[in-house]
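Me: I would like to learn how to read a protein model step by step. Could you take me through one, giving the general idea before each case?

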Amino acid sequence: MNGQKYERRVASYLRYKGYKGVTITQASGDYGVDIVASKHFHKYAIQCKYYSKPVGLSAVQQVVAGMAYYECDRAIVITNNTFTRQAKQLAKHNDVELMANVNPSNMVFLEILLKIIPIVALYLLYKMGYEIIVYLYILLVVMIFVLSLYIKYQFKKNNNSDDEYIEENDELSN
């Protein structure tokens, strides 16, 4: 696998993990950012490194520099390997998230498999005459889904009220 293929796999992995607007930047002149994506009200500048040795601090420097160009508020460096001590230190000081040992093709397969196993188990329970367990499981899943929607709504509502509070205090201080 080469660097560009790794970038495409990481982009697919990020989409699978819930990132929106995942875009691979141009191969040359990308200002240190390989992928731009959004999640949870944040825009991420992402640098991908497919290396046979630990990734050094230059990857962190590149993604920090590219954040401003792509108007991102968060940065991530993703690699199939690990990071040097210097890269970890620089990332910590710049609030850059480091993701080591990421092999997207294997991870996506395992996560899909982990989602299929419960469905197969529920089907087998249903066929064996344990309908009540299946119905209770479905009810539990629906309740968790509704609860997650409610939490997202409350989070969004609280963030908006914080913004209004900040704006009111700015007006009062002027």
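Me: What share of the residues in the protein is buried?

Reply: A residue is called buried under 20% relative accessible area, exposed over 50%, and partly exposed in between, with a 1.4 Å probe and protein chains only. Here buried residues make up 27% of the 174 residues in the protein. Please keep in mind that this is a predicted model, in which local features need pLDDT of at least 70 and side-chain atom pairs count only at pLDDT 80 or more, while totals for chains, interfaces and linings use all residues. Residues are numbered from 1 along each chain as its sequence is written, and side-chain values use heavy atoms, with hydrogens and water left out.

Me: How many helices and strands does the protein have?

Reply: Helices (H or I, at least four residues) and strands (E, at least two) are DSSP runs, numbered from the N terminus. The protein has 5 helices and 5 strands, and from the N terminus on these elements run α-β-β-β-α-β-α-β-α-α.

Me: What is the order of the strands in the sheet?

Reply: Two strands pair if DSSP finds at least two bridges between them. In this structure the open sheet of 5 strands has the order E1-E2-E3-E4-E5, and its pairing is mixed. Strand E1 (20-24) and strand E5 (96-99) are the edge strands, since each pairs on one side only. On average, neighbouring strands of the sheet are turned by 20° against each other, direction ignored, where axes are lines fitted to C-alpha atoms, for helices over the stretch in contact, and angles run from 0 to 180 degrees between N-to-C directions.

Me: Which strands pair with E3, and in which sense?

Reply: Strand E2 (residues 35-39) runs antiparallel to E3, joined to it by 5 bridges, and one example is Ala-37, whose bridge partner in E3 is Tyr-44. With strand E4 (residues 74-79), E3 pairs in the parallel sense over 6 bridges; here Ala-45 stands opposite Ala-75, and Gln-47 stands opposite Val-77. Strand E3 (residues 42-49) has 6 of its 8 residues buried, so it is largely enclosed by the rest of the structure.

Me: What kind of unit do E3, helix H2 and E4 make?

Reply: A crossover is right-handed if, with the strands pointing away from the viewer, the path from the first strand over the helix to the second runs clockwise. E3, helix H2 (residues 57-69) and E4 make a right-handed β-α-β unit.

Me: Where is His-40, and is it buried or exposed?

Reply: His-40 lies in the loop between E2 and E3 and counts as exposed, at 55% relative accessibility. Its phi is near 50°, a positive value in a residue other than glycine. Phe-41 is found in that loop between E2 and E3 too; it has a positive phi of about 65° although it is not a glycine, and it is exposed, with a relative accessible area of 57%.

Me: Which residues of helix H1 are buried?

Reply: In H1 (residues 3-16), the buried residues are Tyr-6, Glu-7, Val-10, Ala-11, Tyr-13 and Leu-14. Seen down the axis of H1, they fall within an arc of 165°, so they line one face of the helix; the arc is that of the directions from the helix axis to the C-beta atoms. After H1 comes Gly-18, whose phi is positive, near 100°.

Key. Expected span 1.5 Å × (residues − 1).
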